[in-house]
Amino acid sequence: MKLILLFVILLIPFAIEADVSLQGISAEGGLTGYPFLPGSRVLERGFLRIQGKLEYINMKNDAGNYILLPLSITWGCIDNLEFGGEIPIYLNDSSDDEHLLGDISTGCSWLYETARGGSALVFKGLVTLPTGSEGRDTGSELAFGIATSTTFRLLRLHMAASYVLSGGSNPFEGRIVDYMRFSAGGASYLTGDLQIICGLDGTTKGDLGLAATITTYAVDKTALFVSMRAGLNGNTEYSISAGAALTMPEF
């Protein structure tokens, strides 16, 4: 798996530049971006994006595996501001609980500034609610952060960081802890309709992963994508997902 991701990264310098498509995809919480790499753009006013993906997660140390169906929605409510939400549905895991939902997350992105050359700066906020059952609930979280990007030759470089307050499954009974979440990577077009995204993501709690996503915009108003992540440190061995995002203009 890691060799495949390394090969994909080596392809980036040979990529072909293309215009940015309005048919984007969503990152965590339904906000515009890429899997494991928050973006520095927002949906235009009146646009609506609906996304679904099937994800398989394999855990380390025989901790089991998960099959999820995260569903998300993103809405460009006004100029330079979008709202998003995501609901993960657990189709299979090691739990015997018949409750399907995981932790629901919702947030917003505000495009603060754009500059010559396509550079951008976005402020993001995300709230995670402890709606999942035991074993699926990572706890309540409140995150504030920024994402920025700029174009270098044929590659668009992305960086993001956020400060997270975590209260556990019950923030009123436990101690609130804080940590940082970060990611960095690049995105480029192999053809006019085929985009590749690679990057590193992790947290100051010790999680670190290498991820790659391939997205095609060949279908009108729809983005189809496949994503892979290898866990370099932390509890996840690897994950694979595939999904589709439908963007409806002037909704």
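Biologist: Which residue in β15 stands opposite Lys53?

Modeller: Gly243 in β15 does. Keep in mind that this is a predicted model, where local features need pLDDT of at least 70, side-chain atom pairs count only at pLDDT 80 or more, and totals for chains, interfaces and linings use all residues. Residues are numbered from 1 along each chain as its sequence is written, and side-chain values use heavy atoms, with hydrogens and water left out.

Biologist: What makes β4 and β15 a pair?

Modeller: Strands are DSSP runs of E, at least two residues, numbered from the N terminus, and two of them pair if DSSP finds at least two bridges between them. β4 (residues 48-59) and β15 (residues 236-248) share 12 bridges in the antiparallel sense, so they pair.

Biologist: How many bridges join β14 to β15?

Modeller: There are 9, and β14 (residues 222-233) runs antiparallel to β15. Ala223 has Ala245 as its bridge partner in β15. The two strands form a hairpin with 2 residues between them, and Gly234 in the turn has a positive phi of about 110°.

Biologist: Which elements give two or more residues to its lining?

Modeller: β12 (194-203) and β13 (208-216). Lining residues have an atom within 4 Å of a point, and among them are Phe36, Ile197 and Ala211.

Key. 1 Å grid on protein atoms, 1.4 Å probe; cavity = no way out; pocket = protein on both sides within 12 Å on 5 of 7 lines; lining within 4 Å. Helix = DSSP H or I, 4+ residues; strand = E, 2+ residues; numbered from the N terminus.
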